[in-house]
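Let's look at how charged side chains pair up here. Have the model open while you read.

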Amino acid sequence: MIHDIYTIYLREMLRLRRQRVRLVTTIVMPLLWLGIIGNAFNNAFKTVGSSLLGGDFLSFLTPGILIMTMVFTATISGITTVFDREFGFLKEMLVAPIKRESILIGKMFGGVSQAILQGIIIIVLAIFMGVSFSGASSIPGMLLTMFLVSIAFVSLGLAVASKIKSMEGFQMIMNFLIQPMIFLSGAFYPVKTLPSWLKIFVRINPLTYGVDAMRYFAIGINEFNVILDLTILAIFSILLILLGGHFFRKT
Amino acid sequence: MQRVEKMQRQAIKIEGLVKRFNDIIAVNEVSLEINEGEIFALLGPNGAGKTTIISILATLLKPTSGRAYVNGYNVVKEAEKVRKSIGIVFQDPSLDDQLTARENLDIHARLYHIPKEERRRRIREVLEMVELYERADSLVKTFSGGMKRRLEIARGLMHKPSVLFLDEPTLGLDPQTRRHIWNYIKKLKNEGVTVLLTTHYMEEADSLADRIAIIDNGKIVVFGTPSELKDSIGGDVIKIRCSNVSKLKDRLHENGFDAKIINGEIILHVNVAEKVIPKIFSLSSGIEIHSIMYKEPSLEDVFLHYTGRAYREEEASGIDRIRMRMVRR
C-alpha cells in the first residue's frame with residue numbers, strides 16, 4: 001500500500017517538475033501582494049497601526065499571504081483529478097491492482113508537497129524583503145500549520161473535483177467559496193477591530209484559525225489561543241479528508 | 001496430456017451477462033467463451049455494447065446480472081486478481097502526456113509491482129517492440145496519435161498480462177498506422193497472450209481475429225471464425241441492378257432463391273454464382289438488367305445477413321472523427 005501511494009505521489013512530483021513555469025507564475029501574485037500592498041501600507045500604518053497590528057504591516061501580512069497562496073495551490077491541485085478524468089489517466093490507475101485509497105492518499109500528499117514547497121519559497125522571498133520571522137524553534141509549528149491547511153484544501157479540491165465535471169464548475173468554487181474564505185480569514189487585516197456583523201463571519205470561518213496559528217508561529221502575533229487554532233484546524237482538516245475520501249471513492 | 005489441457009483452458013468466460021444503464025440495456029444476455037492464446041474480436045457498430053463488455057471484464061463496471069470470469073477469477077468477487085492478470089488499452093487515450101514515454105511505463109510498472117531491474121528491462125523490450133525506443137525520453141504530448149496508441153499497447157504489455165483487452169485499437173488512425181498496429185497485435189499471439197479486441201472495422205476483425213462475435217444492440221448475433229461466418233451464409237453473394245427490382249425479386253423468390261432488396265439492389269446468397277447467373281437472365285424477361293456482380297461474402301455481408309440491415313462503417317467513423325478531435329486535442 002505504501003509502495004502504491006509512493007507511485008501515485010511520484011507521478012505527481014514528476015508532473016510538478018514539468019510545470020516549473022506554473023510554479024513561478026503562482027509566486028507572482030503573492031510577490032505583488034507583499035512587494036506592493038505590503039510595502040505601501042507598511043508606511044501608511046507606521047504611524048497609526050503598529051500598536052494594533054503588533055508590528056509592521058508587511059510582517060503582519062506575510063503569514064496571511066502565505067496561507068492564501070497555499071490554499072489556492074492546494075485546492076487547484078485537486079483539479080488534477082479532473083484533468084485525470086478528462087485525459088483518461090484516472091482509468092489507468094483505477095484498472096491497476098491497487099486500492100482506491102492509495103490513489104487518494106498519493107494525490108493528497110502530492111498536493112500538500114506542492115503547497116508547502118510554495119510556502120517555503122514565499123518565506124524565503126519575505127526574508128529578503130526584510131520580514132523578520134521568529135527563530136528556528138517555530139519551524140515545526142509553521143510546518144504543522146502549513147500541513148493542516150494544505151491537506152484540508154487538497155481534500156476539498158478532491159471532493160469538489162469528484163462532484164464537478166467541468167473546469168467552469170471549478171472556477172465557480174474558487175470564486176464563491178475559496179476567495180470569500182480567504183477574504184474573511186483575517187489574512188489581510190486584524191480581526192480585533194472589525195464591525196461585529198463581519199466578525200461573526202470571520203469567527204465561523206475555519207481558515208481564520210489557520211491564519212492566526214501561522215501568524216503566531218511566524219512572527220509571534222496572535223488573536224486566539226494557538227491550541228484552539230490548531231484544534232479547530234485539525235478538526236476541519238479531518239472532516240475535509242473524510243469528505244474528499246468519500247466522494248473520491250464514489251467515482 | 002497436460003499441455004493439451006492447458007491449451008483448451010478458457011481465458012474468458014461470460015455467462016448471461018446483462019448491463020443496464022437506467023432504462024437502456026447495453027448488454028443483453030451475452031454468453032461467450034474465449035480460449036487461451038486466441039485473438040477474439042467483438043465486432044459491431046458504435047453503441048452495440050462492446051466497450052461495456054470490456055469494462056465489465058476489466059472490473060471497471062459491475063454487471064447488472066450474469067457472471068464473468070477472466071483467467072478463472074470472478075470479475076466482481078476477485079476484482080483485484082483479475083486486474084493483476086490483465087492489460088487494457090482503452091478506447092480513449094489514457095497516457096499522462098506531461099510525462100515521457102519511459103516515465104509512463106515506469107509508473108505503470110510500479111503500479112503492478114515489477115521490481116526495479118525487471119522494470120528497466122521490460123521498458124526497453126516493449127518500447128523496442130512498438131519501435132518507440134528512440135523516443136523513450138520524449139514527452140508524450142509530442143507524440144502523434146499513432147505513436148500514442150503504440151505506446152499504450154506497449155504499456156498494456158509491460159506486466160506480461162495473460163489477457164490483453166484492446167478497445168478499438170486503431171480508432172481514428174490512418175490506414176498505414178492501422179496496419180502497423182495490426183502487426184504488433186499479430187505478434188502478441190506468438191507470445192501466447194489472449195487478445196480480446198473490439199472494433200467496428202470489418203477489415204480489422206477479418207484480418208486479425210481467430211474468432212469473431214458479431215454484436216448488435218447488446219446481443220451476440222453470431223460468432224465463429226471469419227471463414228465459418230462467411231461460409232455460413234452461402235458460397236457467393238450476387239448483387240443485381242435492374243430496371244424493376246421488386247419484380248425480379250418476386251420471380252427469384254418463386255424459383256426458390258432467398259433474395260433481398262438492400263439499397264435498391266437485389267442481394268442473393270448462392271452456393272456457386274456461375275451456375276445461378278444464367279438462371280437470373282432466363283428469369284429476367286421484360287426487365288432490363290444493368291449489372292450483375294458476384295463475390296465471395298465479406299463480413300459486411302455476414303452482418304447484413306444476420307441483422308437484416310446494412311453495416312454503416314463510414315457513418316460510424318464519421319462520428320468517431322468528431323469524437324477523436326475532441327479527445328485527442
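Q: Is Arg122(B) buried or exposed?
A: Buried means under 20% relative accessible area, exposed over 50%, and partly exposed in between, using a 1.4 Å probe and protein chains only. Arg122(B) has 8% relative accessibility, so by that cut-off Arg122(B) counts as buried.

Q: Which residue forms a salt bridge with Arg122(B)?
A: First, the background: this is a predicted model, where local features need pLDDT of at least 70, side-chain atom pairs count only at pLDDT 80 or more, and totals for chains, interfaces and linings use all residues. Side-chain values use heavy atoms, leaving out hydrogens and water, residues are numbered from 1 along each chain as its sequence is written, and chains are lettered from A and ligands numbered from 1 in the order in which they are written. A salt bridge is a side-chain nitrogen of Lys or Arg within 4 Å of a carboxyl oxygen of Asp or Glu. With its closest N and O atoms 2.6 Å apart, the partner of Arg122(B) is Glu125(B).

Q: What is the relative accessible area of Lys13(B)?
A: The side chain of Lys13(B) meets that of Glu15(B) in a salt bridge, 3.7 Å from N to O. Glu15(B) is partly exposed at 28%. Lys13(B) is partly exposed too, and its relative accessible area is 29%.

Q: Which chain B residue is linked in a salt-bridge network with Arg11(A), Glu12(A), Arg15(A) and Lys107(A)?
A: Side chains of opposite charge can pair when their charged atoms come close. In this network of salt bridges, the residue from chain B is Asp96(B).
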